[in-house]
Every structure is written in structure tokens, then in C-alpha cells.
Amino acid sequence: MSSSADDQLKIRERIRRLIAEKADGRQQDLAAMCDIQPSALSRMLAGTDKFTRRQLLKIEKGTSARLQWLELGIEPVYHAEGAPEESEKMYEGQMLRAYLERNGIEQAELARLLNKSKTTLAGYLKSVNLNQKNKTAILNALKATEMDVFGFAKRQLPNYENGPRVRSVEVGGLRMVDIIRIPISARAGYGYDAFFADVPSEREYIPVSEDRLYPGVHEDRHVIVEVNGDSMQPVLEPGFEVMAYRMPDGMFPPLNKIVLVDFHEQLTIKRLVGVDWMGKSVTLRAENGGAELKLPMAEIRAIYHVYDYYKARL
């Protein structure tokens with residue numbers, strides 16, 4: 001999320017357009033639609049306070065305006081009916097914005113560290129993909145890893161490093177890629193520690209056609225996970241295998257999506273029913289009527305969006 005005065009001015013202009021188109025010109029109605037205090041919206045529109053990513057996500061949810069349009073002006077303005085939620089997909093420039101905001105780093109400070117102009121940095125923040133030279137310079141300046149900033153990693157989970165993998169091949173015109181499979185034995189306790197401590201060559205990789213990957217998400221962020229227990233019945237049965245991809249740090253799938261959460265040396269699959277940014281916690285729910293599970297964000301190592309079955313039919 002940008003802190004530059006020019007970007008904030010453009011965001012205010014876009015919000016005023018939404019007031020006209022979605023709330024019949026009534027600012028207080030837009031505030032109600034988006035679960036934002038009217039006084040807070042007034043301060044942001046006046047330029048006294050800045051629009052944060054959290055507020056823009058609320059506006060996206062309340063109006064169906066795309067996050068990319070709200071932040072960067074990238075059209076179309078609204079989500080197409082039935083289209084995948086665009087907020088699940090982030091450009092690398094947006095990931096860099098989010099990292100700066102999370103860590104309280106001003107854009108001007110990063111520009112200084114890079115010995116670049118503010119205009120050049122603004123260009124980076126609007127980039128779909130940063131070239132490797134610029135990305136390396138940014139990571140060195142921030143003293144951060146690629147995982148920290150961009151959500152791409154040379155490891156898929158904490159204490160997991162990619163080992164030798166079978167080179168991708170084409171079968172019947174489709175490119176096949178190898179995706180790590182996480183068995184039931186690795187879901188908790190000793191099995192979790194043992195699995196992620198194993199030498200990489202001993203882990204199991206499954207060849208998957210490229211069209212099974214989630215659109216726009218790199219193959220190295222995907223996993224195949226075996227389901228155990230009955231907490232997600234009837235949607236997920238024990239023994240089913242599902243496909244999931246790791247969300248960028250600090251991001252969550254839309255509410256009511258099924259997620260794989262890595263916390264306290266265990267992996268659990270539940271439905272995401274709440275994200276409390278003020279209280280810094282997330283709430284998960286079982287499908288079989290079990291109690292809700294509330295987790296502090298600080299205790300979550302990674303969160304994955306479970307988006308498809310691998311060995312079952314939707």
C-alpha cells in the first residue's frame with residue numbers, strides 16, 4: 001500500500017467514483033456497505049488519514065471493485081461475475097508495497113537505500129514482475145529474503161529446502177511439473193518434524209500437468225496434501241488428496257475458502273471464516289460442526305489456499 005501523496009490522491013478519486021456509482025452519491029452509505037466508520041472514511045477522503053490496504057480490502061468486499069484498480073488504477077474496475085477473486089493474485093510491485101507497509105518502511109527511505117529517485121521506485125511498485133537485478137537490489141537494501149517480500153521461496157515450508165527435482169517434461173502437449181506431496185504422517189508431531197528434516201531426495205514429488213496449477217501462481221508454491229480425520233466431512237473425506245498454494249506473507253484467501261494452515265508444528269485443514277486485522281488473529285471452522293479455532297497471526301508459519309481436489313472429484 002502506497003504512502004505517496006500522489007497515489008493517495010488518485011485512490012481518493014477512485015473512492016469518490018465508487019460513492020457516485022455504488023452509493024448514489026452518499027458517502028455514509030458507502031461507509032456502511034464497506035463496514036468502515038463514516039468519520040474514518042471522511043478523514044481518508046479529506047487526506048487527513050491514508051487509505052491502508054486493510055481499508056481497501058473492505059471496500060473491495062463491499063463494492064466488488066478490484067483491489068488492483070483501487071490501488072493502481074488497473075482496469076477493469078469491478079470483478080466479473082463468477083471470476084476468481086482478484087485479491088488472491090498479487091503483482092510483485094504490490095507485494096513490495098505490502099511488505100513496506102507491514103514493516104513501517106517509507107518509500108522515500110527505500111529509494112534512498114537504492115540510490116534511486118522516488119519516480120523510479122514508484123515504477124517498481126506498479127510492476128507486474130520485477131527483473132532479477134532490481135529484485136536483488138531491493139532485497140539487499142531491505143536485508144530481506146525473497147520469501148519475506150514476494151512470497152516466492154526456495155523452500156515451501158519452514159525447515160524445507162527444495163532438493164533435486166525431476167526436470168519438467170511435456171506429455172501429450174501438456175507441460176508436467178513436480179509438486180511435493182505431504183502425507184498424513186507429516187501432518188503433526190514427530191512426523192511433521194521428521195518429514196521436514198528429511199533429506200530432500202527422500203521426499204515424494206508428484207508429476208502434475210501445468211493446467212492443474214492455480215492461475216498466476218508459481219509451481220514451487222504448490223503442494224499436494226493428504227486429508228486425515230473427519231473434521232471437514234462431507235466436503236473432504238479421509239484419504240482425499242487436495243491441491244493448495246502458499247499465500248504471500250501477510251495475505252489470506254477470501255473468507256469461506258478452505259485453507260491449510262501451518263502452526264505449532266502441525267498442518268490443519270479448515271475453512272477460513274474470520275480475519276481480524278485489529279486483533280491480529282484468524283478464525284477457522286470445521287465442516288462437521290466442530291468448535292471454531294482462533295489462531296494468533298504471529299503463530300501461523302504459513303497459510304495455503306486449498307483450491308482443488310487431486311484424488312477426488314469436486
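Predicted model: local features only at pLDDT ≥ 70, side-chain atom pairs only at ≥ 80, totals over all residues.

Reader: What does R212 form a salt bridge with, and how far apart are the closest N and O atoms?

Author: The partner of R212 is D308, and the closest N and O atoms of this salt bridge are 3.6 Å apart. The pair links distant parts of the chain, since R212 lies in the loop between β3 and β4 (222-226) while D308 belongs to strand β10 (residues 300-309), 96 residues apart. D308 counts as partly exposed, with a relative accessibility of 21%.

Reader: Stepping back for a moment, how many helices and strands are there in the protein?

Author: The protein has eleven helices and ten strands. It comprises 314 residues, of which 48% count as buried.

Reader: Is R181 buried or exposed?

Author: R181 has a relative accessible area of 13%, and because buried means under 20%, it falls into the buried class. E204, at 38% relative accessibility, is partly exposed.

Reader: And which residues are linked with R181 in a network of salt bridges?

Author: The network of salt bridges links R181 with E204, E226 and E241.

Reader: What about K10, which residue does it form a salt bridge with?

Author: K10 pairs with D6, with 3.4 Å between the closest N and O atoms. Both residues sit in helix α1 (residues 5-22), and because they are four residues apart there, about one helical turn separates them. K10 is partly exposed at a relative accessible area of 31%, and D6 is likewise partly exposed, at 42% relative accessibility.

Reader: Since we are on α1 anyway, at what angle does it pack with α4?

Author: Helix α1 and helix α4 (residues 53-63) pack at an angle of about 25°, and their axes are 12 Å apart. Angles under 35 degrees count as roughly parallel, so α1 is roughly parallel to α4. The crossing in which α1 passes α4 is left-handed.

Reader: Which residues make the contact?

Author: On the α1 side the contact is made by I11, I15, L18 and K22, and on the α4 side by L56, I59 and T63. By type, the residues of this contact between α1 and α4 divide into five nonpolar, one polar and one charged.

Reader: Another helix pair, please: how do the axes of α6 and α9 cross?

Author: The axes of helix α6 (residues 92-102) and helix α9 (residues 132-142) cross at roughly 5° and come within 13 Å. The two helices, α6 and α9, are therefore roughly parallel to each other. E92, L96, Y99 and L100 of α6 make the contact with K135, I138 and L142 of α9. Here the residues divide into five nonpolar, no polar and two charged.

Reader: Now the backbone, where is there a cis peptide bond?

Author: A cis peptide bond joins Q233 and P234, and its omega is about 5°. P234 lies in the loop between β4 and β5 (241-246).

Reader: And which residues other than glycine have a positive phi?

Author: S64 is one of them, with a positive phi of about 70° although it is not a glycine. S64 is found in the loop between α4 and α5 (67-72), and with a relative accessible area of 34% this residue is partly exposed. K143 also has a positive phi, near 55°, and is located in the loop between α9 and α10 (146-150).

Reader: Is K143 buried or exposed?

Author: K143 has a relative accessibility of 76%, and because exposed means over 50%, this lysine counts as exposed.

Note on methods:
Residues numbered from 1 in each chain as written. Heavy atoms only, no water. Salt bridge = Lys/Arg side-chain N within 4 Å of Asp/Glu carboxyl O. Buried < 20%, exposed > 50% of the residue type's maximum accessible area, 1.4 Å probe, protein only. Axes fitted to C-alpha atoms, helices over the stretch in contact; angles between N-to-C directions. Parallel < 35°, antiparallel > 145°, perpendicular 65-115°, else oblique. Left-handed = near helix turned anticlockwise from the far one by under 90°. Contact = heavy atoms within 4.5 Å. Nonpolar A, V, L, I, M, F, W, Y, C, P; charged D, E, K, R; others polar.
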